[in-house]
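Hi everyone, thanks for coming. I'd like to walk you through a structure today, one piece at a time. Please have a look at it first.

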Amino acid sequence: MLSVYVDLALGLVVSFLLLSLLVSGLNEAFVRLLAIRSKFLWAYLRDTMDGADDKTGPWLPAGVLDVFRVLPFVRDPRPRHNALPAPAHPAAMPETGAGDSMIKLLYERVREIDHAKRGRTSIADIPPARFAVAVMELATARDGDVEGFLGRLQQIGSPLYGPLKGVWESAQRDLERFTKGVEAWFDGEMQRLSMLYKRYVKWVVAVLAAVVTLLFSMDGLEYAKTLLRDNAFRASVTAFADASPEAYAELRAQCAGEDPVACVTETLSRPALVRMMDQALLSLSIPAQGEPSVHWNGGAWWDRISTPSHWPGFLLTYVALLFGAPFWWDVLRRITGIRVRR
């Protein structure tokens, strides 16, 4: 009896793991297609270095709709891609703020790690150490120093002045400590930005989890019952192999008049997971001979979706997918005892 429940747990965990991987893959494809990570980073950098736009306000999204409507399609905060290497000597800082003057200077110093994506930068992550070096390069450009650099930041009204001024004072005007302080400050800002990004992107995962659940019409409760029935059915198959007359009669009844041998072969060759995927809007069958074929299951799919008795199972699957693939992989490792070598 214990093995039955272990098989049930394994079947549910594997199914949730596979569907969670599908959700994660769709989310990654969506984020990469719209370059959300890169745009999120450069929106923060624009607000931090040049400040909010006078007409349209802050670049960093203030809500979920801005992340997936304004940021991808209306306002692109990323600088234009430049294939040339960074010049040996940084350009001089402007005397007055020009809206994007500081972001251009920063991109000039880090563009060696860039490659084009539809004419814009694709940089989605700037290492804190590289950012600190870029700041020091700007500060010492044209025989300048940190004090003069901070003064020019204050002059053009850059929001970067406040944090760097605090770091400079905390470092007691020591260049080495100032560089490490800028690196630590930027690292903290990136962690905060990452948390904000994940908070917005989780809504995409929630929507994709609902789409995958409905697309496959994956009823978690029904699937659990199927797994239990499969174990019982395999037990009856074993009994049939021992020539039990009662098992033979039960098997014939379950196969609805078909040849029991053919029915057993078909059942054992189609695991419960594969059979549950047949309930999707589109299903794929791979016969032993011949070409694979795709089947449209619109009518049966809609009947399942519109049947209230399936809704609790859909809700169970949806909640399970929200835990994510890493969670279900960890559960699978704990059940099976799989150990990851390091």
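What covers the buried residues of helix 4? Keep that in mind while I tell you what we are looking at. This is a predicted model, in which local features need pLDDT of at least 70 and side-chain atom pairs count only at pLDDT 80 or more, while totals for chains, interfaces and linings use all residues. Residues are numbered from 1 along each chain as its sequence is written, and side-chain values use heavy atoms, leaving out hydrogens and water.

Now, back to the question. The cover includes helix 2, strand 2 (120-121), helix 5 (128-139) and helix 6 (146-156). When I say helix or strand, I mean DSSP runs numbered from the N terminus: H or I over at least four residues for helices, E over at least two for strands. Buried means under 20% relative accessible area, exposed means over 50%, and partly exposed is in between, with a 1.4 Å probe and protein chains only. Helix 4 spans residues 101-110, and nine of its ten residues are buried, so helix 4 is largely enclosed by the rest of the structure. Those buried residues are S101, M102, I103, L105, L106, Y107, E108, R109 and V110.

One of them, M102, turns up again at S158. S158 sits in the loop between helix 6 and helix 7, and with 6% relative accessibility it counts as buried. Leaving aside residues up to four places away in sequence, S158 touches T48, M49, M102 and L153. Touching here is contact, meaning heavy atoms within 4.5 Å.

Let me step back to the whole chain for a moment. It has 15 helices and four strands. Of its 342 residues, 41% are buried. Among contacts with a separation of 6 or more, 68% are between residues 24 or more positions apart.

Next, a pair of helices. Two packed helices are described by the angle between their axes and the distance between the axes. Which way do helix 2 and helix 3 lie relative to each other, roughly parallel or roughly perpendicular? The axes of helix 2 (residues 36-49) and helix 3 (residues 64-73) come within 10 Å and cross at roughly 85°. The axes are lines fitted to C-alpha atoms, for helices over the stretch in contact, and the angles run from 0 to 180 degrees between N-to-C directions. Under 35 degrees counts as roughly parallel, over 145 as roughly antiparallel, 65 to 115 as roughly perpendicular, and the rest as oblique. Helix 2 and helix 3 are therefore roughly perpendicular to each other. At their contact, I36, K39, F40 and A43 of helix 2 meet V67, L71 and P72 of helix 3. Those residues divide into six nonpolar, no polar and one charged. In this scheme Ala, Val, Leu, Ile, Met, Phe, Trp, Tyr, Cys and Pro are nonpolar, Asp, Glu, Lys and Arg are charged, and the others, Gly among them, are polar.

On to charges. Side chains of opposite charge can pair when their charged atoms come close. A salt bridge here is a side-chain nitrogen of Lys or Arg within 4 Å of a carboxyl oxygen of Asp or Glu. How many are there in the whole structure? The search finds 14 salt bridges.

In the pair of D76 and R78, the closest N and O atoms are 2.8 Å apart. D76 is partly exposed at 22% relative accessibility, whereas R78 is buried at 3%. E222 is partly exposed, at 25%, and R304 is buried, at 7%.

Finally, the record. An unreviewed UniProt entry lists residues 12-35, 200-218 and 311-332 as "transmembrane region". UniProt positions follow the numbering used here, feature names are shortened, and annotations may be inferred rather than shown by experiment. In the model, residues 12-35 are 96% helix and 0% strand, with end C-alpha atoms 34 Å apart. Residues 200-218 are 84% helix and 0% strand, and their end C-alpha atoms are 26 Å apart.
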